[in-house]
Amino acid sequence: AGLRGRSVRLSLARAATRHPLEERFVPFVVQSRGFGKKKKSKAAKENYGSKKKDKGGEAEEANAGEGKNSEDVREDIGDKCSEMQIVVDEFEHSLRKFRAGRASAEQIEDVKVKAYGAYAPLNSVAQISGRDAYNLIVAPHDPSIIGDVESGIRNSDKLNLAVKTEGNRVVVTFPKATKESRQELVKAIKSEAEKAKTRIRKVRQSALDELKAAGKAVTKDEQFEIKDEVQESTDSFIKDIDECVDQKSKDVMSV
């Protein structure tokens, strides 16, 4: 049986709520198994981890697929392609930090702060809460690093933030949204999207490399079919990212 015939439901992160996208067809989802849930057997890992030529000098492809059939190869590549879903999910989550006109903890939680000689995300060393629509309060768990926290936020690439220390906490003030600031947010969203697309294309290449390594475990016709399905999955997930970008950009630019 092929890997077709299963749909997944994506959700789109928006300013304050998440709206489900319509169900869509994704070729590389193995029936009765969720994305990335099934682990490969030890034997399968060893089989793929050792692709050396034997003493007779036979090509790697002759032994790479030993012990596997075409269904095993399809499942392995299906596991690989499931990583594309993870990329989309992470991208959707990242969109939460792009909000115009209102401050939110998600916008600064990933700021890298130097604490105790190493860098860590802000939300791991401090509690972030809202004071009002334009101000956040950052309270370090350890007051002795408050200077590092303020410096980390001030030197981040966040847009036009005003940062000041008040006692044992840092006040972060967001500017009121203007047309120009909204346009900058849209640019940042598109930049984030390009990074996600690059990750998806790397997953595609990894899946194709795994198909090549399978050697004689799959026929030539099956190889062409699987390549087409990998590309179809790639196009589908990239389309999801584009849809997320379009919707989020509209939300950001709306007054």
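## Second largest pocket

The second largest pocket has a volume of about 260 Å³. A pocket here is an open set of points on a 1 Å grid over the protein atoms alone, where a 1.4 Å probe fits, with protein on both sides within 12 Å along at least five of seven lines. The volume is the space filled by probe spheres set on the points, which are joined across faces, edges and corners.

This is a predicted model, in which local features need pLDDT of at least 70 and side-chain atom pairs count only at pLDDT 80 or more, while totals for chains, interfaces and linings use all residues. Residues are numbered from 1 along each chain as its sequence is written, and side-chain values use heavy atoms, with hydrogens and water left out.

The lining of the second largest pocket consists of 13 residues, and those nearest its centre are Glu 90, His 93, Ser 94, Lys 97 and Glu 192; a lining residue has an atom within 4 Å of a point. By type, the lining holds eight charged, three nonpolar and two polar residues. Asp, Glu, Lys and Arg count as charged; Ala, Val, Leu, Ile, Met, Phe, Trp, Tyr, Cys and Pro as nonpolar; and the others, Gly among them, as polar. Helices α3 (70-94) and α6 each supply at least two of the lining residues, and α3 gives the most, with five.

## Four-stranded sheet

Helices (H or I, at least four residues) and strands (E, at least two) are DSSP runs, numbered from the N terminus. Two strands are paired if DSSP finds at least two bridges between them. On these terms, four strands form an open sheet in the order β7-β8-β10-β9, with antiparallel pairing. Strands β7 and β9 (162-166) are at the edges with a single partner strand each, so one side of each has no neighbour in the sheet. From one strand to the next, the twist averages 25°, with axes taken as lines fitted to C-alpha atoms and angles running from 0 to 180 degrees between N-to-C directions.

Strand β8 (residues 135-140) is largely enclosed by the rest of the structure, because five of its six residues are buried. Buried means under 20% relative accessible area, exposed over 50%, and partly exposed in between, with a 1.4 Å probe and protein chains only. Strand β7 (residues 126-130) runs antiparallel to β8 and is joined to it by five bridges. Gln 127 has Ala 139 of β8 as its bridge partner, and Ser 129 has Ile 137. A hairpin of four residues leads from β7 to β8. Strand β8 is also joined to β10 (residues 169-173), by four antiparallel bridges, and Val 138 stands opposite Val 170 in β10.

Helix α6 (residues 179-213) has 35 residues and spans 52 Å from its first C-alpha to its last, close to the expected 51 Å. The expected span is 1.5 Å times one less than the number of residues. Just after α6, Gly 215 has a positive phi of about 60°.

Val 186 lies in α6 and is buried, with a relative accessible area of 11%. Cys 244, in helix α7 (residues 220-253), is buried with a relative accessible area of 0%. Cys 244 and Val 88 are 9.3 Å apart, C-alpha to C-alpha, and 156 residues apart in sequence.

## Loop residues

Tyr 116 is found in the loop between β5 (112-115) and β6 (118-121). Its phi is near 60°, a positive value in a residue other than glycine. Most residues other than glycine have a negative phi. Tyr 116 is exposed, with a relative accessible area of 61%.

Ala 103 lies in the loop between α3 and β5. This residue is buried, with a relative accessible area of 11%.
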